[in-house]
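Here is a short report on a protein chain. Look at the sequence and the 3D structure before reading on.

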Amino acid sequence: MYRIINLGNVENINTLNNLEKKYSKKHNQSLIICSFSNVLDFFDSISKSKYNILIISDDFCTKDCLNEVAKIKRNDYSISICLLSYDKEVAIEGYKIKAEAFFNPPITYEKIERIMDRLISTQNDIYKRDDKIMIKVGNSYSVIKYDSISYIEISGHYLVIHTDKDIYKSRGSFKTLLKTIKNSSLVRCHKSFIVNVYKITNIKNKSVYLGDTIIPLGMEGKRLLLSKLKSNKNISTFE
């Protein structure tokens, strides 16, 4: 499922919506499309929800707007951006903010199909990488880099993910999570805890220390953890 925002005038929005729905039906793609003709509503929405693709029409491709979009891109590099404009200066600004696509009006289905193929291919590449995980939080999705995760706690049917800055609570399958993190820096150290080996400051008795945070350590977890640490080329082990 891909969540798309269209930002532009009413005419462009209506055209884009119709063509994207046609694309969704033809390619059997699950698309959630949100559209805004007011830039304030657009920024308010994107601050509250996770979107994969932003399509911005010519009338909103101003320098101020693109500067704000650049901030969004820096905070969440998984977002793909497409700019719809005649203006060569917009193309230059788009290059600066690392927009994935750029095309000139008029808006036609053939153009939308090419652009959507490219943007969805980019999104697929993002989520195939093994350095991040995408989770559902409420009605939105969050993409979390493994190296920002300190530990994950299993609480009933929920996964509680503790990162450097935030805590995310997501309903999910523990078995699926273990398969997903198999080749990452995250290791199950206890029946209810997973830790990031790069965040560990001490291992003592039946505990793993992540700075001031203490995580319980099981016998099998200790074996897995020490094996992971010793096999990691980025960590030197002296015994």
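The report goes from the whole chain to its strands and then to its aromatic rings.

**The whole chain**

This is a predicted model. The chain has 239 residues, and 44% of them are buried. It contains 7 helices and 15 strands. Along the principal axes, the C-alpha atoms fill a box of roughly 65 × 35 × 30 Å. The accessible surface of the chain is about 13800 Å². Carbon and sulfur atoms account for 49% of that surface.

Start with strand β1, residues 2–7, and strand β2, residues 31–36. They pair in the parallel sense, over 6 bridges. Within this pairing, isoleucine 5 stands opposite cysteine 34 in β2. Helix α1 covers residues 10–27. Together, β1, α1 and β2 make a β-α-β unit, and the unit is right-handed.

**Aromatic pairs**

How many aromatic pairs does a search of the whole structure find? It finds 2. The table lists them.

| Pair | Centre to centre | Angle between planes |
|---|---|---|
| Phenylalanine 42 and phenylalanine 43 | 4.7 Å | 55° |
| Tyrosine 151 and phenylalanine 193 | 6.2 Å | 40° |

Why does the pair of tyrosine 151 and phenylalanine 193 count as tilted? Their planes stand at 40°. Planes under 30 degrees apart would be stacked, and planes over 60 would be edge-to-face.

Are tyrosine 151 and phenylalanine 193 buried or exposed? Both are buried. Their pair links distant parts of the chain. Tyrosine 151 is in strand β8, residues 149–155. Phenylalanine 193 is in strand β12, residues 193–196.

Phenylalanine 42 has 0% relative accessibility. Buried means under 20%, so phenylalanine 42 counts as buried. Phenylalanine 43 has a relative accessible area of 22%, so this residue is partly exposed.

**Charges over rings**

Tyrosine rings also meet charged side chains. Arginine 3 lies over the face of tyrosine 51, at 5.2 Å from the ring centre. The charged end of arginine 171 sits over the ring of tyrosine 158. Here the distance to the ring centre is 5.6 Å.

How values were computed:
Residues numbered from 1 in each chain as written. Predicted model: local features only at pLDDT ≥ 70, side-chain atom pairs only at ≥ 80, totals over all residues. Heavy atoms only, no water. Phe/Tyr/Trp six-rings, centres within 6.5 Å; stacked < 30°, edge-to-face > 60°. Buried < 20%, exposed > 50% of the residue type's maximum accessible area, 1.4 Å probe, protein only. Helix = DSSP H or I, 4+ residues; strand = E, 2+ residues; numbered from the N terminus. Lys NZ or Arg CZ within 6 Å of the ring centre and 35° of its normal. Pairing = 2+ DSSP bridges. Right-handed = clockwise from strand over helix to strand, strands pointing away. Areas by Shrake-Rupley, 256 points an atom, 1.4 Å probe, with all protein chains shown as cover.
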